[in-house]
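Please look over the structure below.

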Amino acid sequence: MGEMRFDNQVVIVTGAGRGIGRGHALLLAARGASVVVNDAGGLPDGTGNSSSPAQDVVAEITALGGKAIAITDSVASEAGASHIVAAAIDHFGKIDAVINNAGIYLGQAIDAFDIDTFRRHLEVHVLGAALVLRAAWPHLAITKGRIVNTMSASIFGMTPYSAYISAKGGVLGLTRALAVEGRPAGIKVNCIAPAAATRMMFAAMPDLSEDATAHYKRLLPPEAIAPVAAYLAHADCAVSGECLAVGGGRVTRYIIGETPGITRPELTPEIIRDELSAIMDTQGYQLWPDTESLERATT
Ligand code: NAI
């Protein structure tokens, strides 16, 4: 049980020009990985673009003796996602892991949201991850690769972020679906729910004092997320279809369960009303099935 190294491993990290993704890229490169640093370099709401965030992280990695290339396409475009994967193959010859981390974030009330903004959230978080994975999948099947998607604690509820949280719900679904789909090929698919003091977190708290900002930065450094992503991206990863939450040194598991509930062949609305407490009772609940039993159930 030695150090978990990534020598001769190739990892794609999307959104790696800043914040949490930068932390992933630096840790993986320090442990020997060749890293494809993808970042379109836009604003927190997903508008705009710049090549410097990705290039700066690549410069940081190479200055430390690591191997990395910068790709500045958007994951949300079909051509961009294909280019990210093609660049990994052209430069490094294979793909061992994909960390889908690119994300955008804008709060808008449900009765007043802007359609383009809502759509952009789904396109970056869900479709972007799916497009990168569609292109990378045949390569991951060769290496028995790993996939790490990026979910969020916001699925427990937060306002007014319906576009963002809808997208993160999609990421959870994508993770569960691909964990089952990837099992025959030995591909493991998990997600993380990070908490880190990045520009995204501060975008949600514009009126924070300097002291409070400094406090969050000390408590929740973005680099503190990378150990969990690196574990899930490593050949030694022992789980699939799971979601690990991480921030400030704490790591937990998110679970979805099902209560024993009731079974009545002739259901009526009144039965639901009268037996609601039995339906809601969590005693004897079961966790979501592991992906192995789901695969058996569907084949
Ligand atoms: P950040 O804004 O610092 O970094 C996100 C990076 O993704 C940016 O550099 C941005 O240019 C890039 N990006 C955005 N759209 C892109 C696209 N279409 N193609 C390529 N790159 C793109 O934010 P942070 O906090 O580092 O977020 C990383 C991930 O973690 C996101 O998926 C976010 O939703 C998730 N997350 C973060 C939390 C936090 O506490 N910071 C909490 C829960 C989830």
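The model is predicted: local features need pLDDT of at least 70, side-chain atom pairs count only at pLDDT 80 or more, and totals for chains, interfaces and linings use all residues. Residues are numbered from 1 along each chain as its sequence is written, and side-chain values use heavy atoms, with hydrogens and water left out.

**Strand E7**

Strands are DSSP runs of E with at least two residues, numbered from the N terminus. Buried means under 20% relative accessible area, with a 1.4 Å probe and protein chains only. Cys243, Ala245 and Gly247 point one way. Leu244 and Val246 point the other way. In a regular strand, side chains alternate between the two faces of the sheet.

**Pairing**

Two strands pair if DSSP finds at least two bridges between them.

| Strand joined to E7 | Residues | Bridges | Direction |
|---|---|---|---|
| E6 | 188-194 | 4 bridges | parallel |
| E8 | 250-254 | 5 bridges | antiparallel |

Val246 in E7 is the bridge partner of Pro194. Arg253 in E8 is the bridge partner of Leu244. The hairpin of E7 and E8 has 2 residues between the strands, and Gly248 takes a positive phi near 60° there.

**Cysteines**

A disulfide is a pair of cysteine sulfur atoms within 2.5 Å. The count is 0 disulfides. Cys237 is in none; its nearest cysteine sulfur, that of Cys191, is 12 Å away. Cys237 is buried, at 1% relative accessible area.

Cys243 is buried, at 0% relative accessible area.

Terms used. Buried means under 20% relative accessible area, exposed over 50%, partly exposed in between (1.4 Å probe, protein chains only).
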